[in-house]
Protein chains: 2
Amino acid sequence: MGLIVQKYGGTSVASLDKIKWVAGHVIRTKEKGNDVLVVVSAMAGETDKLVKLSLQLMDPPDERELDVVTSSGEQVSSGLLAMSIKALGHDALSLQGHQVRIVTDNAHSKAKIVRIDAERIKKALGKGKIVVVAGFQGVDEEGNVTTLGRGGSDLTAVALSAALNADSCELYKDDVDGIYTSDPGLVPAARKLDKISYEEMLELASLGSKVLQARAVEFAMKFGVTLHVRPTTKPDTEGTWVVEEEKMTQLENILISGVSSDKNQAKITITQVPDSPGIAAKIFTPLSESGIIVDMIVQNVSIEGHTDITFTVPRTDFKKSIILTEKVAKQLGAKNIISDDKIAKVSLVGVGMKTHSGVASRMFSTLAKEGINILMISTSEIKISCVVEEKYTELAVRALHDAFELGETK
Amino acid sequence: MGLIVQKYGGTSVASLDKIKWVAGHVIRTKEKGNDVLVVVSAMAGETDKLVKLSLQLMDPPDERELDVVTSSGEQVSSGLLAMSIKALGHDALSLQGHQVRIVTDNAHSKAKIVRIDAERIKKALGKGKIVVVAGFQGVDEEGNVTTLGRGGSDLTAVALSAALNADSCELYKDDVDGIYTSDPGLVPAARKLDKISYEEMLELASLGSKVLQARAVEFAMKFGVTLHVRPTTKPDTEGTWVVEEEKMTQLENILISGVSSDKNQAKITITQVPDSPGIAAKIFTPLSESGIIVDMIVQNVSIEGHTDITFTVPRTDFKKSIILTEKVAKQLGAKNIISDDKIAKVSLVGVGMKTHSGVASRMFSTLAKEGINILMISTSEIKISCVVEEKYTELAVRALHDAFELGETK
C-alpha cells in the first residue's frame with residue numbers, strides 16, 4: 001500500500017502488445033491497493049528516428065527545436081498507455097512536462113530540473129486515477145519545451161518519486177534483469193548484482209552502462225530515493241536494488257563491481273597552446289556555456305612554453321565542440337586541432353577500490369597483454385577509466401572482466 | 001509588405017525535401033519585406049498512423065488521450081520546419097498551441113477556439129523571427145491538449161490571421177491548384193475556379209471536399225479573412241480566392257459551382273419510436289453532448305403512433321453514436337436500430353441555385369438515369385445533398401458534373 005512510481009523504458013513500450021502488457025501490470029499494481037504513477041519513454045527507435053530527421057535538416061541542430069521534435073515521442077507513448085489502461089476499465093490520465101509542470105532551466109537537450117509542481121498529479125491520484133507522465137520532458141520558465149538528455153525518463157521517475165515522497169521507484173527494463181558486472185551481451189560470464197551503491201551505479205551509468213541515466217542516479221542519491229531495477233519480462237522476480245553505500249556491508253570483500261564501456265565519446269586535442277594562466281578557462285568556458293559536458297581532460301607537460309590539451313566530449317556534441325574549440329584555438333594562437341571520434345572509454349568501478357592498491361596496474365597490464373594501446377587515463381576514488389581505440393572496446397571489457405574474476409562462480 | 005500568414009498542409013511537408021522547399025519559399029516571402037507567420041500540418045500520413053495505433057488500443061478511443069497522441073504530428077513538423085529555416089540562415093521559432101496560447105473549449109478532437117493570445121507571436125515577429133505555429137492544436141483552460149478536428153490547421157491559420165489582423169492568409173496545397181468544380185481525380189473535366197464565395201466554399205468543404213476545412217471557412221467568413229488557396233508546386237501562379245459573395249458579381253450567371261462527395265458518412269435508423277413530443281431532443285442531446293456532429297436527419301411520417309428516425313454522423317463517430325443511440329432507444333421503447341457505414345453523400349453547390357428552380361429535379365433524374373437509388377435527401381438554399389450507396393459515389397459525381405455542364409469549355 002502506498003504510492004508506487006513505475007518507469008517503463010522504450011523497449012518496454014516498443015509495440016502495442018507491449019503497451020497492453022504494461023497497462024495490465026500497472027493495473028495489477030493498482031489493484032493491490034496502491035496509488036500508481038507511471039513514467040514512460042518513447043517507443044523504442046522513435047527518438048533516434050526524430051533525431052535523424054532533424055540532423056538531415058540542420059547539423060548541428062537548433063537545440064530548442066530539436067527538443068520540440070524529440071519530446072513528441074514520449075507524448076505519443078503516454079497517450080497510448082493511458083488509452084490502453086482505460087480500455088482495460090481503469091481511469092487514467094496522461095500528463096506532459098508542461099502540464100505537470102516539470103520546470104527546468106533552459107539548457108535544451110540536457111535541461112536540469114528546477115522544481116516540480118506535484119499538485120495536479122496529487123489531485124488526479126486522489127481521484128483514483130492512474131497517472132501516466134511523459135518522461136524526458138520539461139518546460140522552462142517561459143514555457144519552452146526542454147528535454148532532460150538521453151535516458152531522461154529515469155530522471156523524470158526519480159524526481160517525481162522525490163517530489164511525491166513515493167514509497168517505491170521501480171525502473172522496468174525490457175532488455176536486462178538488473179545491473180550486471182558488465183554488459184552480458186559483451187561478456188557472457190557477467191553476473192547479476194542483488195545490490196549496488198549509488199556511487200558505483202553512478203560510475204557505471206556515467207561510463208556508458210545503458211541501464212540507468214547517470215543524472216537519475218545522482219538525483220536518487222541526493223534525495224535518498226531507493227531504486228529497484230526490474231525486468232519487464234519477469235515482473236515477479238527481484239532485480240537489482242540501488243541503495244546507500246552503508247547498506248552494502250555484505251559486499252565489503254568485493255574489490256570491483258563491474259566493467260563498463262562507453263562508445264559515445266570523441267576526443268579533441270589543441271596542440272601547442274601557449275602555456276599561461278587562464279588558458280584552461282578560456283578553452284572550457286565556451287563549451288560549458290553551450291551545455292557540453294567535457295568528461296576527461298589531459299594536459300601534457302609544457303615544453304618551451306607550449307602545451308597540448310586533450311579532452312573528451314559526447315559524440316553527439318563533437319561537431320559543435322570542434323567549432324567552439326577552433327574559435328578559441330585561433331584566439332589563443334594554438335598550432336592546430338586534432339580530433340577523433342573513433343574512441344571508447346573502458347572503466348573499472350568498485351567501492352572496494354578505495355582501500356586496495358594495485359587495481360590500476362592490473363588494469364593497465366591486462367590491456368597491454370592484449371596489445372591495446374591506452375590513449376588517455378583518468379581516475380577517481382572508485383573508478384579507473386582508459387580511453388582506447390573504439391575497435392578494441394569489446395576485447396578490453398572481456399579481458400578486464402576475466403582478470404578481475406567478476407564472472408559467475410564456476 | 002505586411003504580415004503574411006502561410007499555411008502548409010501535410011502533403012506540402014511530407015518529406016525532408018519538401019520541408020526544405022517550404023523553408024525556402026517562406027524565406028523568399030520574408031525577404032520581400034514581410035513579416036511571416038507559418039502554420040504547418042503534420043507530415044502526410046502521420047495523423048492517420050497515430051489514429052490507427054490508438055484505435056488498436058481503444059475503440060472508440062478516449063478523446064482526451066487521442067488528442068495528446070495526434071497533436072504530436074504537428075509538433076514534429078513545426079520543429080523540423082523551424083530548424084530548416086534556421087539552417088538557411090534566418091531566425092525562426094516554433095510554437096505549439098499551449099505556447100501561443102490558442103485556448104479552446106474542452107470538446108476533444110473537435111475543440112472550438114475560445115480566444116488567442118497573440119502577444120508571444122507579436123513579440124517574436126517584432127524581433128524579425130519567422131514564427132512557425134503547429135496547426136490543429138489548442139489547449140483548454142486547464143491546460144489539456146485539444147485538437148481542432150480534421151483539417152484543423154486551416155482553422156489555426158485563419159484564426160491567427162484574424163487575431164493578428166494579417167494582410168493575407170495563403171493556404172498552400174500540394175495536391176491541388178485551387179478549388180475545382182469537382183474532384184479532378186474523379187472528374188477529369190473538372191475546372192478550376194478563380195473565385196468562390198465563402199458560402200459556396202462552406203458547402204463544398206462541409207460536404208467532404210478535402211481542400212479546406214469547413215470551420216476554417218466559417219471563421220474566415222465571420223471575421224472577413226480573405227483566403228487564397230495556392231498550389232505549392234506553382235507558387236507564383238494564382239490559385240482560388242475565397243471571398244465575400246458581393247465580390248462574386250461576375251459569376252451571376254453560374255448556376256452550380258461544384259459537385260462534391262463525402263464518404264466519411266454513416267447512417268443510423270431507430271425504428272418504431274413512439275411518436276411523442278421531445279423524442280428528437282432525447283435522441284440527439286446525448287450525441288451533441290458527446291460532441292458528435294449529426295449531419296442529416298430524416299423523420300418519416302408517423303404510422304400508428306410510431307415513427308422511424310434516420311440520421312447521419314461522421315464514420316469516425318459511428319461506434320460511439322451506436323452505443324449512445326442504443327441506450328436512448330431502449331429508454332424510448334423503440335423497436336431496434338439499423339445502421340450502415342457504407343454510404344456516401346453527393347452534393348451540388350451553388351449560390352445561383354437560390355434563384356433558379358429545377359436544380360433538384362435535374363439532380364434526381366440524373367441519378368435515376370444511372371440506376372442510383374437515393375437513400376436520403378437534404379437541401380439548403382445553396383446546396384442539395386443525396387445519400388447513396390458508397391459504391392455509386394464516383395459514378396454519381398461524374399454524372400452530375402456532366403449534367404450541369406461544369407467542365408472546361410470544349
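Me: A residue is buried if 20 or more other C-beta atoms, placed from the backbone, lie within 10 Å of its own, exposed if 12 or fewer, and partly exposed in between. Is A:Glu405 exposed or buried?

Reply: A:Glu405 is exposed, having 12 other C-beta atoms within 10 Å. A:Glu405 sits in the segment after α13 (393–403) of chain A, where helices (H or I, at least four residues) and strands (E, at least two) are DSSP runs numbered from the N terminus. Its phi is positive, about 50°, although it is not a glycine.

Me: What should I know about the model and the numbering?

Reply: This is a predicted model, in which local features need pLDDT of at least 70 and side-chain atom pairs count only at pLDDT 80 or more, while totals for chains, interfaces and linings use all residues. Residues are numbered from 1 along each chain as its sequence is written, and chains are lettered from A and ligands numbered from 1 in the order in which they are written.

Me: Back to phi. What about A:Ser109?

Reply: A:Ser109 is not a glycine either, yet has a positive phi of about 75°. A:Ser109 lies in the loop between β4 and β5 (113–116) of chain A. A:Ser109 counts as buried, with 20 C-beta neighbours inside 10 Å.

Me: Where is the cis peptide bond that involves B:Arg101?

Reply: B:Val100 and B:Arg101 are joined by it, with omega about -5°. B:Arg101 is placed in the loop between α5 and β4 (102–104) of chain B. In chain A, the peptide bond from A:Val100 to A:Arg101 is cis, with omega near -10°.

Me: Switching to domains. How is chain A divided?

Reply: Into domain 1 (3–175) and domain 2 (259–403), with bounds from an automatic or database domain assignment. The C-alpha centres of the two domains lie 33 Å apart.

Me: What order do the eight strands of the open sheet in chain B take?

Reply: The order is β3-β6-β2-β1-β9-β11-β12-β10, with mixed pairing; two strands pair if DSSP finds at least two bridges between them. β3 (92–95) and β10 (195–197) of chain B stand at the edges with a single partner strand each, so one side of each has no neighbour in the sheet. The twist averages 20° from one strand to the next.

Me: In which sense do β1 and β9 of chain B pair?

Reply: Parallel, over five bridges, between β1 (residues 2–8) and β9 (residues 168–173) of chain B. B:Tyr8 has B:Tyr172 in β9(B) as its bridge partner. Helix α4 (residues 72–87) of chain B packs on the sheet, touching β2 (34–40), β3 and β6 (130–134) of chain B, and its direction makes about 165° with that of β6(B). Axes here are lines fitted to C-alpha atoms, for helices over the stretch in contact, and angles run from 0 to 180 degrees between N-to-C directions.

Note on methods:
Two residues are in contact if their C-beta atoms, placed from the backbone, lie within 7 Å.
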